[in-house]
Amino acid sequence: MTDNELIKELEAIDTSKMYLNDFLLTWNKKDYEIEAIFKTAQLLTMLRKKNISTKVFDSGLGISIFRDNSTRTRFSFASACNLLGLTVSDLDEGKSQIAHGETVRETANMVSFMADIIGIRDDMYIGKGNAYMKEVAAAVEDGYKEGVLEQRPTLVNLQCDIDHPTQSMSDAMHLINTFGGLENLKGKKIAMTWAYSPSYGKPLSVPQGIIGLMTRFGMEVALAHPKGYEVMPEVEEIANRQSAESGGTFTKTNNMAEAFENADIVYPKSWAPFEAMKKRTDYYGAGDFTAIKKLEKDLLAQNAEHTDWECTEKLMKLTNKGKALYMHCLPADITGVSCKKGEVEASVFDRYKIPLYKEASYKPYIIAAMIFLSKFKNPAQTISKLMEKGIKRIS
Amino acid sequence: MTDNELIKELEAIDTSKMYLNDFLLTWNKKDYEIEAIFKTAQLLTMLRKKNISTKVFDSGLGISIFRDNSTRTRFSFASACNLLGLTVSDLDEGKSQIAHGETVRETANMVSFMADIIGIRDDMYIGKGNAYMKEVAAAVEDGYKEGVLEQRPTLVNLQCDIDHPTQSMSDAMHLINTFGGLENLKGKKIAMTWAYSPSYGKPLSVPQGIIGLMTRFGMEVALAHPKGYEVMPEVEEIANRQSAESGGTFTKTNNMAEAFENADIVYPKSWAPFEAMKKRTDYYGAGDFTAIKKLEKDLLAQNAEHTDWECTEKLMKLTNKGKALYMHCLPADITGVSCKKGEVEASVFDRYKIPLYKEASYKPYIIAAMIFLSKFKNPAQTISKLMEKGIKRIS
Amino acid sequence: MTDNELIKELEAIDTSKMYLNDFLLTWNKKDYEIEAIFKTAQLLTMLRKKNISTKVFDSGLGISIFRDNSTRTRFSFASACNLLGLTVSDLDEGKSQIAHGETVRETANMVSFMADIIGIRDDMYIGKGNAYMKEVAAAVEDGYKEGVLEQRPTLVNLQCDIDHPTQSMSDAMHLINTFGGLENLKGKKIAMTWAYSPSYGKPLSVPQGIIGLMTRFGMEVALAHPKGYEVMPEVEEIANRQSAESGGTFTKTNNMAEAFENADIVYPKSWAPFEAMKKRTDYYGAGDFTAIKKLEKDLLAQNAEHTDWECTEKLMKLTNKGKALYMHCLPADITGVSCKKGEVEASVFDRYKIPLYKEASYKPYIIAAMIFLSKFKNPAQTISKLMEKGIKRIS
């Protein structure tokens, strides 16, 4: 597709409700809004490849709040901001301090006087991350209406306890590019499966993000995990509803092989049981560190019962023509490489290294597209103008 | 007032001595120089509201040195730099290390090869913060004269042991906007009063900054605190001199109610006694941590004798028509919210939340104005050109 | 020389192999490539002095990886990036964690999706720093070829275990300016000598960088140190070869005075013995902290035997007319100032303070030149265009 065709397609999409709005959960967006993100990301990619500047902000700040360690999301956000002309300013709260209520409201306004965008990662505590984002969003909405803030900074969810939209959307972009179009995902089977890891407490937002997004594309989404590793029921409900609407399926199994059977895509990844993570949040709330230590030990022991949940060559043979696309959000726990026994056999991982890197490479553009659509009323027109001007990124 | 009228007014002010000069203490600036800051800040605000780029630096660095924790000043400085086109580069010295003499001279030059501005916050030790800023200023002045530095980076005091000019000037901007002009502050009564806080050692620079600035506007400035909570005598002298010159008054009392009586503005805020802070600095110099611990304990006990110094609804009733403007530099210690017993009753704070946020919102523009006037010989002309060009901040 | 003459000289140099290439070791570059760096640095300096913007990147990231503390190199890199229009994004790995193999490959790609340049400082462990840089370079080269990275980020060595090219090149720039041209360095004697410091384990990359660079300019390079403080034999070999080719000399002595004899330039600086540093790396690899502690103690004791290796006024009298140029990479250990007994007498250091600051001031431009030549195929033409456009840096 040419740039101009893509622009025309974008122009045909109603993005008016994305304007001055946040991107928190993919399932709260319309199908055509999700498509608008993909198209905008593709256009930004094309422009960059042609060395055309996409600096739509002459100045402005992108505030980042990372309540958990992060390398790749941090760099993806920094890259997205830079691509559009925003400067990142990081709010480092100190990890131990979890602000609530009035403090959130006040801080959100104090850092936003010149903020165009706020990116937040808060995935550690069930029931907290997404709630915190909504608190911040309400605070800046209020600040804007009250005349405290001269502009309404919009939020991008860089991973919460419920969803990881910048990851799932990048993953979908990878599928679109691999299978030659969004329409080609219809009927494809994706196995989102748990996998063993020697570490504990990995966030649920990746599997939840995947089933919460892929079910809307008419895919056959199979969620597999050992008993006891259930994800949030609310997200399963969404997956059910969406698959029904899109003409796809959403199935669950406690058998990894069953999920791999005839799959076109496999996404084996460790996560912690939802119920255990809820308990952990309660223990943290109560400051009960003895209980937390015990929970950690129990969870590691529980994990150790399922070391056979590994993405092996043998399992890969079960997939469609033995050639399913292997996906991961990285970094993966690779057996014999980064740990003794892990999520994936080294030879499988190695074979998919380049596709995995490409999968990750879409994230800066996806984030940039989310920012773009929340700040420009007529994104197609704005992109057209960038093309007309044709300012070189590197002179 | 229109932009053009404001520009004409700015043009009429002699800002020649602000050019390539530092902003360390408000009382070392002429009345018309203070006015020039306000007008420049207003113009920058107007341009931003009109989405006109104020990027006067195509590239350049703003060095920040924070010798104390800071969120809002950090973001205000970052915002100001971004607004003008400067990139912030933070010098993180490590909190424990207090550099002196040659080290300051050397470091100041080493970080300034491409620095246009240096913002410093150093408010922890009496007799040190402002002295450090002057050392840095002398070092870069020398470096510039000797040809080491290609430009003279100018300094902005982001809070020292004596003054907090970016705060007091933002506060004044808030008053100007609330009362409809600088000229309307004449005769207005402002009560700068101590208030109880369960924490100890809050800096003196806020009350000192307020009495050192507001006395020059012909205001009735009342300073109130319990016995033993005296501020620096040098600043009181300045307040005395300035109030005499401006036709205002500067009075002191140890009675909070007396200060509130008929006040148009109240600014109740905790601070540590000057004499105690001097001792603490000496103890730190001598490395006498036993004495420091004892001092902390004594100060907290001393504070606890004055829990009745709280800004209550009852006290507010004493003010002019019971409707004085409540001010605070934030964050405030709010009774029953952020602490059991604090500086202000929750209902008072709540009623003034939006004005308080607005009060804070002027700081980025005040800092930007300070930078602007120190780097542009003819600020009115430079702003005129920005308006003519009319480059959009967001395209 | 005028700008245009300089541009013509730069145009005459074949810089094609520097394009999309890294700058890791000076001795792997051709003489004319080294000259191209100097000329580009001079041109960028001239443009900045004329207030002409050199922002050749409209957007783009400069990734910095500092595996050791750094103030001046950090600010030099930040300044260089800013000068050219790049935004710095720092990868903070945590000091303790030394990544290897696949992790390096993966991380290098993950942070580089929009990276134009990567600056790395890794000088702590013999055999590791330069190897790490080559690993990163290979990873992004691969990523680029595989289509993961849309551009090939180039690397600048900000100090490794072998060389410190941005320092030695800045030092050379200082000599060029002091002696009136690169051609005037021919026959000049430079004494690169060890000096006593009460700290241990200072990197070898400075002396190695100096003998590895100055020997190619036809200089008389004298390396002096106490027995046991040998540098890497490989670098000595390079110094030997290059001095033979350039018509200079490379001599070694264990006598500080002998090296100072008739020297035009002296560079007295502490460093750790190469063999000891190799041992230390092995101990770290084996996690043998008892051995490391013992080694530290032994090295400090060994240092203490050579407190007479101090750059004194008496020694300075031995130099050419007693007026050799004193050099140091800063910060220096100054006797009676920063330590009881150190590398240099206070009066010597004081006399050369301004030249020392100037020596340091070239680094941002040298780094910028290294970036420039690695990203622009026709640097002379790109600079010409900047001059024609004549966009003001400060408006």
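**Domains, interfaces and a parallel sheet in a predicted model**

In chain A, the centres of domain 1 and domain 2, taken over C-alpha atoms, are separated by 26 Å. Domain 1 of chain A comprises 3–163 + 363–389, and domain 2 of chain A comprises 167–360; such bounds come from an automatic or database domain assignment. The model is predicted: local features need pLDDT of at least 70 and side-chain atom pairs count only at pLDDT 80 or more, whereas totals for chains, interfaces and linings use all residues. Residues are numbered from 1 along each chain as its sequence is written, and chains are lettered from A and ligands numbered from 1 in the order in which they are written.

The contact between these domains takes 20 residues from domain 1 of chain A and 25 residues from domain 2 of chain A, two residues being in contact if their C-beta atoms, placed from the backbone, lie within 7 Å. On the side of domain 1 of chain A that touches domain 2 of chain A, at least two residues each are supplied by helix 2 (31–49), strand 4 (154–160) and helix 15 (363–375) of chain A. Here helices (H or I, at least four residues) and strands (E, at least two) are DSSP runs, numbered from the N terminus. Helix 2 of chain A provides the largest share of that side, five residues. By class, the side of domain 1 of chain A that touches domain 2 of chain A holds nine nonpolar, three polar and eight charged residues. In this division Ala, Val, Leu, Ile, Met, Phe, Trp, Tyr, Cys and Pro count as nonpolar, Asp, Glu, Lys and Arg as charged, and the others, Gly among them, as polar.

The relation between chains comes next.

Where chain B meets chain A, the contact takes 26 residues from chain B and 23 residues from chain A. Helix 2 (31–49), helix 3 (72–84) and helix 14 (353–361) of chain B are the elements that give two or more residues to the side of chain B that touches chain A. Helix 3 of chain B gives the most, with six residues. That side of chain B has twelve nonpolar, seven polar and seven charged residues. At another interface, 26 residues of chain C are in contact with 23 residues of chain B.

Within chain B, five strands form an open sheet in the order 7-6-5-8-9, with parallel pairing; two strands pair if DSSP finds at least two bridges between them. Strand 7 (249–253) and strand 9 (325–326) of chain B stand at the edges with a single partner strand each, so one side of each lacks a neighbour in the sheet. Strand 5 (residues 189–194) and strand 8 (residues 265–269) of chain B run parallel and are joined by five bridges. B:Trp194 stands opposite B:Lys269 in strand 8 of chain B.

Helix 6 (residues 165–179) of chain B has 15 residues that, at 1.5 Å a residue, should span 21 Å, which agrees with the 21 Å between its end C-alpha atoms. The expected span is 1.5 Å times one less than the number of residues in the helix. Eleven of the 15 residues of helix 6 of chain B are buried, so this helix is largely enclosed by the rest of the structure. A residue is buried if 20 or more other C-beta atoms lie within 10 Å of its own, exposed if 12 or fewer, and partly exposed in between, with C-beta atoms placed from the backbone. Among the buried residues of helix 6 of chain B are B:Pro165, B:Met169 and B:Leu175. B:Gly180, whose phi is positive, near 80°, follows helix 6 of chain B.
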